[in-house]
Amino acid sequence: MIPKSHPRFVSLMTRELIVEGVRNGITSTHGLIAQGRGEAFDYLIGEKSMGSALAAEKIAAAELLIARRPVISVNGNAAALVPAELIRLGEIVNAPLEVNLFHRTEARVEKIIKHLHSLGAQDICTKSDALIPGIDHDRAKVDSDGMFSADVVLVPLEDGDRCKALVDMEKTVIAIDLNPLSRTAQCATITIVDNIIRAVPNISKFAGELKALKTEELREIVRGYDNKKTLSLAIDEISKNLDSY
Ligand code: PTJ
């Protein structure tokens, strides 16, 4: 039992969720390594949402609201860390969830779908009847009515190859990745350099605030968005944070 007074309470509890995810067969063992890598970047970031991340989260919310067919991709780490928050975001922006795994096994897909249903998810794309072009074997499997035909896809902790393949399909790809240098971060349309545990509630908050706007007003918000600039601002903010030590 980790006491709330522990200075690293949030970080340690997040680890617990990932470990529990692995124990329950939801998260892949590779997810532990991914989390460790993410933690290292979060440490450099200062474990808070940077200004550049908040700006990207607002743009992401607007894009999800503008979308005709938005889809939220859920992998084993996301399902362990923020399942209820992803369901809530899906409800706010009217986007189904779709379980999409890098280390895919049908057993894990089923367990994650069951887990999401048990938390109240109503709208989950469950078919795997289409393939993302250019990606080999199981990692390419998607739902023809879900990610395959989506115009905007939110991909937390995505693999670089698949991120690029989704961009090549001319989708707007919103990535959440604590590493601003990763291939995913570099190739996504919108990169949110933030921890998924902060990013998803932030996007929901912005989406709630923007929901009443007309589509043209939302388009005005996203107009001129420059992802290279966002990434460079994120790196600047990390450097400044390091300079303060
Ligand atoms: O459940 P699966 O099979 O789909 O597998 C999921 C993982 C995450 C294991 C898989 O996609 C993978 O191996 O990812 P990578 O290539 O290790 O990339 C994970 C990226 O996410 C890295 O750039 C990490 O810095 C970042 N990351 C890790 N934890 C977090 C994070 N970004 C945001 N929030 C986190 N909590």
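Let us begin with a pair of helices: helix 3 and helix 9 are oblique to each other. This is a predicted model. Helix 3 covers residues 51–66 and helix 9 covers residues 196–210; they pack at an angle of about 55°, with their axes 8 Å apart. Their crossing is right-handed.

Which residues meet there? On the helix 3 side they are Leu 54, Glu 57, Lys 58, Ala 61, Ala 62, Leu 64 and Leu 65, and on the helix 9 side Ala 199, Asn 202, Ile 203, Phe 206, Ala 207 and Leu 210. Sorted by class, this contact has ten nonpolar residues, one polar residue and two charged ones.

Helix 9 also packs with helix 5, which spans residues 83–93; here the angle is about 20° and the axes are 9 Å apart. That angle makes helix 5 roughly parallel to helix 9. The crossing of these two helices is left-handed. From helix 5 come Glu 85, Leu 86, Arg 88, Leu 89, Ile 92 and Val 93, which meet Val 200, Pro 201, Ile 203, Ser 204, Ala 207 and Gly 208 of helix 9. By class, the contact of helix 5 with helix 9 has eight nonpolar, two polar and two charged residues.

| Helix pair | Angle | Axis distance |
|---|---|---|
| Helix 3 and helix 9 | about 55° | 8 Å |
| Helix 5 and helix 9 | about 20° | 9 Å |

Next, find Thr 14 in helix 1, which runs over residues 9–23. Is Thr 14 buried or exposed? With 6% relative accessibility, Thr 14 counts as buried. Leaving aside residues up to four places away in sequence, Thr 14 touches Gln 35, Leu 81 and Ile 197.

Finally, turn to the cysteines. How many disulfides does the structure hold? The number is zero. A disulfide is a covalent bond between the sulfur atoms of two cysteines. For Cys 163, the closest cysteine sulfur is that of Cys 187, at 3.2 Å, which is too far for a bond, since the cut-off for a disulfide is within 2.5 Å. Cys 163 counts as buried, at 0% relative accessibility, whereas Cys 187, at 24%, counts as partly exposed.

Methods:
Residues numbered from 1 in each chain as written. Predicted model: local features only at pLDDT ≥ 70, side-chain atom pairs only at ≥ 80, totals over all residues. Heavy atoms only, no water. Buried < 20%, exposed > 50% of the residue type's maximum accessible area, 1.4 Å probe, protein only. Axes fitted to C-alpha atoms, helices over the stretch in contact; angles between N-to-C directions. Helix = DSSP H or I, 4+ residues; strand = E, 2+ residues; numbered from the N terminus. Parallel < 35°, antiparallel > 145°, perpendicular 65-115°, else oblique. Left-handed = near helix turned anticlockwise from the far one by under 90°. Contact = heavy atoms within 4.5 Å. Nonpolar A, V, L, I, M, F, W, Y, C, P; charged D, E, K, R; others polar.
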